[in-house]
Amino acid sequence: MTKIPEPQGYYEVVRTPEATNIRFETITDSGSFIPFHWHHALEMILLLQGCMELTLRQQTWQLQADDCFVIQADLLHATKCIHASRYILVQIPMDFLCRYVPDAEHMFFPWKPKDASREANACHNSLKALL
């Protein structure tokens, strides 16, 4: 069996406002590809309109409006807006998060959009309501 090599990527520096230390913005995207990258920040995306592909750990998901996902810090990922899309992006640097959640470095969000458990869906519905 042939093992597929991990894609190479680049390190993204997450820029946050000094007042909040959290990147929180609504993005309108006409159809772009963000190649494989990672950052030392927890990332949350709520897709408001359109369609997006998320590739994470050599698996790709097709996301539709109202889908929400969380990407662990330091995890290699890529996104592609297939059509014009609008989404909320939140990035929380781990050094900031660890000030308020001491074990944040050890937290893991094992959620898969297509086969999430009832408990995971409840958590993500709560997250969507906050965003």
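## Starting with one pair of residues

Leu54 has Trp61 in β6 as its bridge partner. Strands like this one are DSSP runs of E with at least two residues, helices are runs of H or I with at least four residues, and both are numbered from the N terminus. Two strands count as paired if DSSP finds at least two bridges between them. β5 and β6 meet that rule with six bridges, and they run antiparallel.

Before we go on, a word about the model: it is predicted, so local features need pLDDT of at least 70 and side-chain atom pairs count only at pLDDT 80 or more, while totals for chains, interfaces and linings use all residues. Residues are numbered from 1 along each chain as its sequence is written, and side-chain values use heavy atoms, with hydrogens and water left out.

## The whole chain

How many helices and strands does the protein chain have? There are two helices and nine strands. Reading from the N terminus, the order is β-β-β-β-β-β-β-β-β-α-α.

The protein chain has 131 residues, and 39% of them count as buried. Buried means under 20% relative accessible area, exposed means over 50%, and partly exposed lies in between (1.4 Å probe, protein chains only). The accessible surface of the protein chain is about 8200 Å², with 55% of it belonging to carbon and sulfur atoms. Such areas come from the Shrake-Rupley method with a 1.4 Å probe, and for residues only the protein chains shown count as cover.

Contacts tell us about the fold too; a contact means heavy atoms within 4.5 Å. Among contacts in the protein chain with a separation of 6 or more, 75% are between residues 24 or more positions apart.

Strands of a sheet pair through backbone hydrogen bonds, either parallel or antiparallel. In this model, five strands make an open sheet in the order β1-β3-β8-β5-β6, and the pairing is mixed. Each of the edge strands, β1 (10-11) and β6, has a single partner strand, so one side of each is left without a neighbour in the sheet.

Is Thr79 buried or exposed? Thr79 is buried, with a relative accessible area of 9%. Not counting residues up to four places away in sequence, Thr79 touches Ser32, Phe33, Ile34, Met52, Glu53 and Leu54. Thr79 and Ser32 are 47 residues apart in sequence, yet their C-alpha atoms are 8.2 Å apart in space.

## The four-stranded sheet

A further open sheet has four strands in the order β2-β9-β4-β7, with antiparallel pairing. At its edges stand β2 (23-29) and β7, each with a single partner strand, so one side of each has no neighbour in the sheet. From one strand to the next, the twist averages 20°; the axes are lines fitted to C-alpha atoms (for helices, over the stretch in contact), and angles run from 0 to 180 degrees between N-to-C directions.

β4 is joined to β9 by eight bridges, and Ile45 has Leu89 in β9 as its bridge partner. On β4's pairing with β7, there are four bridges, and Leu46 is partnered with Cys68. Seven of the nine residues of β4 are buried, so β4 is largely enclosed by the rest of the structure. β2 also pairs with β9, through seven bridges, and Glu25 stands opposite Leu89.

## The nonpolar cores

In soluble globular proteins, nonpolar side chains tend to be buried together. A nonpolar core is a set of buried Ala, Val, Leu, Ile, Met, Phe, Trp, Tyr and Cys residues joined through side-chain atoms within 4.5 Å. The largest one here has 14 residues, and those with the most contacts inside it include Met52, Leu54, Phe69 and Ile71. Two or more residues come from each of β4 (41-49), β5 (51-56), β6 (59-64), β7 (68-71) and β9 (85-93). β5 gives the largest share, three residues. A second, separate core of 13 residues includes Leu46, Ala73, Ile92 and Leu97.

## A closer look at His77

Which strand holds His77? His77 is found in β8 (residues 77-81). His77 is buried, with a relative accessible area of 0%. Leaving out residues up to four places away in sequence, its contacts include Pro35, Trp38, Leu54 and Ile71.

The side chain of His77 also makes polar contacts with the side chains of His39 (3.5 Å) and Glu43 (3.5 Å). A polar contact is a pair of N or O atoms within 3.5 Å; within protein, one must be able to donate a hydrogen and the other to accept it, and residues adjacent in sequence count only if both atoms are side-chain atoms.
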